[in-house]
Amino acid sequence: MNCATVIGKTYSEFKHPSLKGYDFKILQLVNAETGEPEGKPFFAIDPLGVALDEFVAFEESFQATWAFEDHGIPVDCAITAIIDSLDRGDEKK
Amino acid sequence: MTLGIIIRELTCSVKDPKLNPSKLFLVRALDPDLSLRDEQFVALETGLGLGKGDIVLVVLGSGARKAEGNTDLPVDCAVTARVEDINIDNKYNLLK
């Protein structure tokens, strides 16, 4: 699990039948200590309906399928939580 | 999940029987701004009716097995969606 910022969204009509009703967001990994972006953006399925610029936690790899009640969903990255605040000692984001 | 573009359709006369109704595609990875990355994958496509030139999302790892339901498919890369539009910083990038 890791934290990232939502930097974009996608529109996709043709998709696997089990993915109907969900959309894909573009995430940018963020260093929780410094708030700096890290690495290249990537895609994640969004079962929560998060907004742009929101700070989220996501799950990667096979465990991402467990974010759904029916585990038979072909995903490898899913947004699992919206981070409201992050305690970094003296300051809060 | 990774964005990619289908660059080749693979024809395999001999393959695992479990893969049989599905197609295999060669997919080149893309960045969200649609520039090409160096990686490429052979990805399974399960009856979505996609073809060469389509911009797709590719699932890597064991989650790709779920593309055919809960079967034990020998697959670690699957095409799961065709992307029609990407929106970064409120700039729309219509693909089709």
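**Entry 1**

Contact here asks for C-beta atoms, placed from the backbone, within 7 Å of each other.

A note on the source: this is a predicted model, in which local features need pLDDT of at least 70 and side-chain atom pairs count only at pLDDT 80 or more, while totals for chains, interfaces and linings use all residues. Residues are numbered from 1 along each chain as its sequence is written, and chains are lettered from A and ligands numbered from 1 in the order in which they are written.

Next I looked at the largest nonpolar core, which has 43 residues. Ala44(A), Cys77(A) and Met1(B) touch the most other members. Its largest share, five residues, comes from β4(B). A nonpolar core is a set of buried Ala, Val, Leu, Ile, Met, Phe, Trp, Tyr and Cys residues joined through C-beta atoms within 7 Å. Buried means 20 or more other C-beta atoms within 10 Å of the residue's own, exposed means 12 or fewer, and partly exposed lies in between, with C-beta atoms placed from the backbone.

**Entry 1: chain A overall**

I then went through chain A and found five strands and zero helices. Along the sequence the pattern reads β-β-β-β-β. Chain A is as compact as a globular protein of its length, because its radius of gyration is 14 Å, close to the 12 Å that the globule rule gives for 93 residues. That radius is taken over C-alpha atoms, and the rule is 2.2 Å times the number of residues to the power 0.38. I noted the span of the C-alpha trace along its principal axes as about 45 × 25 × 20 Å. Of the 93 residues in chain A, 32% are buried. Among contacts with a separation of 6 or more in chain A, 48% are between residues 24 or more positions apart.

For the elements, strands (E, at least two residues) and helices (H or I, at least four) are DSSP runs numbered from the N terminus.

**Entry 2: following β1(A)**

I followed the pairing of β1(A), where two strands pair if DSSP finds at least two bridges between them.

- With β2(A) (residues 23-29), β1(A) pairs antiparallel over five bridges, and Thr5(A) stands opposite Gln28(A).
- With β4(A) (residues 55-60), β1(A) has four bridges, again antiparallel, and Cys3(A) faces Ala57(A).

**Entry 3: the contact between the chains**

How many residues does each chain bring to the contact? I found 28 residues from chain A and 27 residues from chain B. On the chain B side, β1 (2-10), β4 (55-60), β5 (77-82) and β6 (85-88) each supply at least two residues. By class, that side has 14 nonpolar, eight polar and five charged residues. Here Ala, Val, Leu, Ile, Met, Phe, Trp, Tyr, Cys and Pro count as nonpolar, Asp, Glu, Lys and Arg as charged, and the others, Gly among them, as polar.

**Entry 5**

In chain B I traced a closed barrel of five strands, β1-β2-β3-β5-β4, with mixed pairing. One parallel pair there is β3(B) (residues 36-45) with β5(B), joined by two bridges; Glu45(B) has Val79(B) as its partner.

Ala67(B) lies in the loop between β4 and β5 of chain B. Is Ala67(B) buried or exposed? Ala67(B) is buried, because 28 other C-beta atoms lie within 10 Å. Leaving aside neighbours within four places in sequence, Ala67(B) contacts His16(A) and Pro74(A) as well as Leu44(B), Thr46(B), Ala78(B) and Thr80(B). Leu44(B) is 23 residues from Ala67(B) in sequence, and their C-alpha atoms are 8.6 Å apart.

- Ser61(A) has a phi of about 70 degrees; it sits in the loop between β4 and β5 (77-82) of chain A and is partly exposed, with 13 C-beta neighbours inside 10 Å.
- Leu34(B) also has a phi of about 70 degrees; its place is the loop between β2 (23-30) and β3 of chain B, and Leu34(B) is exposed, with 12 other C-beta atoms within 10 Å.

How values were computed
Two residues are in contact if their C-beta atoms, placed from the backbone, lie within 7 Å.
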